[in-house]
Number of protein chains: 2
Amino acid sequence: MNRESIVSELTVETPSKIILLVMDGLGGLPVQGKTELEAARTPHLDKLASASVCGLTDPVFMGITPGSGPAHLALFGYDPTKYLLGRGIMEALGSGVEVGKNDLVARGNFATLKDGLIVDRRAGRIQTSENEKLCQYLNSTLKSIEGIKISVYPGKEHRFVVKLSAERLSDALTDADPQKENKPQAYTSPLSQEAARTAQIVNAFIDQAKELLKDYPKTNTVLLRGFSKFPSLPTMQELYKLNPAAVANYPMYKGLARLVGMEVIDVGQELAELFDALEKNYSAYDFFYLHVKKTDSAGEDGNFEAKKRAIEETDKYIPRLLSLQPDVLVVTSDHSTPALLKSHSWHPNPFLLFSKTAQADKVTRFSERECSQGSLGRFQSIYAMPLMLAHAGKLKKFGA
Amino acid sequence: MNRESIVSELTVETPSKIILLVMDGLGGLPVQGKTELEAARTPHLDKLASASVCGLTDPVFMGITPGSGPAHLALFGYDPTKYLLGRGIMEALGSGVEVGKNDLVARGNFATLKDGLIVDRRAGRIQTSENEKLCQYLNSTLKSIEGIKISVYPGKEHRFVVKLSAERLSDALTDADPQKENKPQAYTSPLSQEAARTAQIVNAFIDQAKELLKDYPKTNTVLLRGFSKFPSLPTMQELYKLNPAAVANYPMYKGLARLVGMEVIDVGQELAELFDALEKNYSAYDFFYLHVKKTDSAGEDGNFEAKKRAIEETDKYIPRLLSLQPDVLVVTSDHSTPALLKSHSWHPNPFLLFSKTAQADKVTRFSERECSQGSLGRFQSIYAMPLMLAHAGKLKKFGA
């Protein structure tokens, strides 16, 4: 039996409640001797850590820097090396494009074609507003191909998402992107017999888009890559008999939550709104995924101070979480985003689990270094879900 | 996707450099309260540990005592439970026998046959010099069988290596060794259809050797076991886009390094020569495996003091490693060899990783006990390679 089926078979439905607070990109690296977490004043997190069992997690395994997809899947109990999410689906989720079971999506670029060669794969990084106009124009003029509806959705600068909705589409397609400049327009090729029809439709779309865009000097063609169908993951209801809700305000995380069957509670951009929404919906669900984005954004910007402030700001809401008296409260991150590196990294994530059935260890401060001394030790994020379920009394005995 | 292919697909070539210093058999057990490492004066290693991230490794998994083969393969990032090295190939590597793609090797014993029974499987543990003479005699008188060249290479005491060079040889052969005394001469049997011809050739060799040796009272026959072909492992170039070099002075470790595609830089027996060779060749490679043998030999001899001295001696060279300013420096062992046990053991290995992107933990002394408090926790050696690659900036992000 594998881990997933063991956990799944042992799960029972109970009224107990779990809150998983993900401070995105929380883990950091020292600048002048202290990480963002170490530099931040976090009295509530520290008090919570003192009463919790702590550890450090590796989202995939040691050394691997995860994207948001695998990092979150692991926290939700899905093996990130088994459930692989294509770049197209991640871009679509990130852009807030709703993707259904029969949809095929890909990442697109507006690009510049000159004398038969792609001379700029990013069309001079046009303004997002120009991109929006181009997408609107394409959506209103594109003709359906073999009766299949095709839509484009603007992203930032030159990037967009294309979505084809029809049965029997395949994502076994090569990128329609020369990858380098000064190469001819690229078309997709099928990687399997079944994908032949889809490849024809995609290539007909490329030709139609070229025709419609031919009078736009900079943005007269499109490149497509990362074709993905909607990944079919078992839901958290199916796996864990949970009735889960996501409280998140960024499209990517709402999309990821939908992928695993969470109900998404839409909230605005303010931190307080996350906690307001949680309180308002607390009676309706038994698993809550709360997503704080600011810590990661500040890390990506290389802004140590902003990340520190985002941590301190989040710390203030910990008492509100505790006053809900959840059976299990976990605070952790999906992956590290040290301001020093301005990017996701492979460094482990601080992790705390607070529950009546968790024995507090010697950790008295919520930080990377201190959590390394916790009773949970260093473990793969995939084990967070069985731990949460166990402490919530949702896991039966394995074997007799 | 499995771990190996994930790491392999994410690796990018960069000019950054990694040094892996393996102090063979370093891990120990306390004698009068202190392990060899704890008893040794190691100011440089301690200072390095204070600036590093530390942990303890299990070469295979908890409880498993590894041979040098699996222990090193794990450190090089090869799953030791997937890539199994036969005893024949390890004996050949250890004896400095060059083994090619078409070679079949086995371990041999000179043995004593009397009245049709093997009365001494080790021929009274003859002197190595006598063994050398016997091998010379056999090599000059053995006739080729079916046109196949057969050579024997002396080892210590009664042990030798036999090598057959030809196409389509198979190692699916049972041992030609009764394992116990007072049994008749054993011959090999094929374990597959394809091995039938090889078995005939091997058995013909045994009969020829018996005939040639019949007038030597103690060493009048041979036993063969552990038939192995050259294992085909992916190289470190293929797996990790590395250009790796081994600086080692024992045949076994040079052989292991060659197996995974390392360039072997030959050095003499003095410790200083390892570091001289490293410095001399530092610009030509991006991964350096340095092998210190003395710690293991002293452990195997049960000589606590000698192992302690070997550690102290190695410690003096740490500043020379650091002055090369490698992007990643790892100091660890392949397996433990406590002087108390006079043999390899299953105890975990102290491990430190020094890099600009590694957050120093609370460890201030390089020892088994202290490293158990490190941020890396306790982990399988197989993760050392992705960790080194990550800290050297050689691993891209996994997923989006």
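This is a predicted model: local features need pLDDT of at least 70, side-chain atom pairs count only at pLDDT 80 or more; totals for chains, interfaces and linings use all residues.
Begin by selecting Phe287(B) and Met388(B). These are the residues with the most contacts inside the largest nonpolar core, which has 61 residues. Next, colour helix 15 of chain B, residues 384-391: this helix supplies six residues, the largest share of that core.

Return to Phe287(B) and display its surroundings. Leaving aside residues up to four places away in sequence, Phe287(B) touches Ile18(B), Leu20(B), Met236(B), Leu242(B), Asn243(B), Pro244(B), Ala245(B), Met262(B), Met385(B) and Met388(B). Another core, of 49 residues, lies apart from this one; among its members are Val7(A), Val161(A), Ala248(A) and Ala392(A).

Trp346(B) is found in the loop between strand 12 (328-332) and strand 13 (349-355) of chain B.

The last stop is the contact between the chains, to which chain B gives 25 residues and chain A gives 32 residues. The two chains bury about 2400 Å² between them, with 62% of it on carbon and sulfur atoms. On the chain B side, select Gln359(B), Phe398(B) and Ala400(B): these lose the most area to chain A, together 30% of what that side buries.

Finally, show the side chains of Lys362(B) and Glu370(A), which meet in a salt bridge at 2.7 Å, N to O. The count between the two chains is one salt bridge.

How values were computed: Residues are numbered from 1 along each chain as its sequence is written. Chains are lettered from A and ligands numbered from 1 in the order in which they are written. Side-chain values use heavy atoms; hydrogens and water are left out. A nonpolar core is a set of buried Ala, Val, Leu, Ile, Met, Phe, Trp, Tyr and Cys residues joined through side-chain atoms within 4.5 Å. Buried means under 20% relative accessible area, exposed over 50%, partly exposed in between (1.4 Å probe, protein chains only). Helices (H or I, at least four residues) and strands (E, at least two) are DSSP runs, numbered from the N terminus. Contact means heavy atoms within 4.5 Å. Buried area is the accessible area (1.4 Å probe) that two parts lose on being put together, summed over both. A salt bridge is a side-chain nitrogen of Lys or Arg within 4 Å of a carboxyl oxygen of Asp or Glu.
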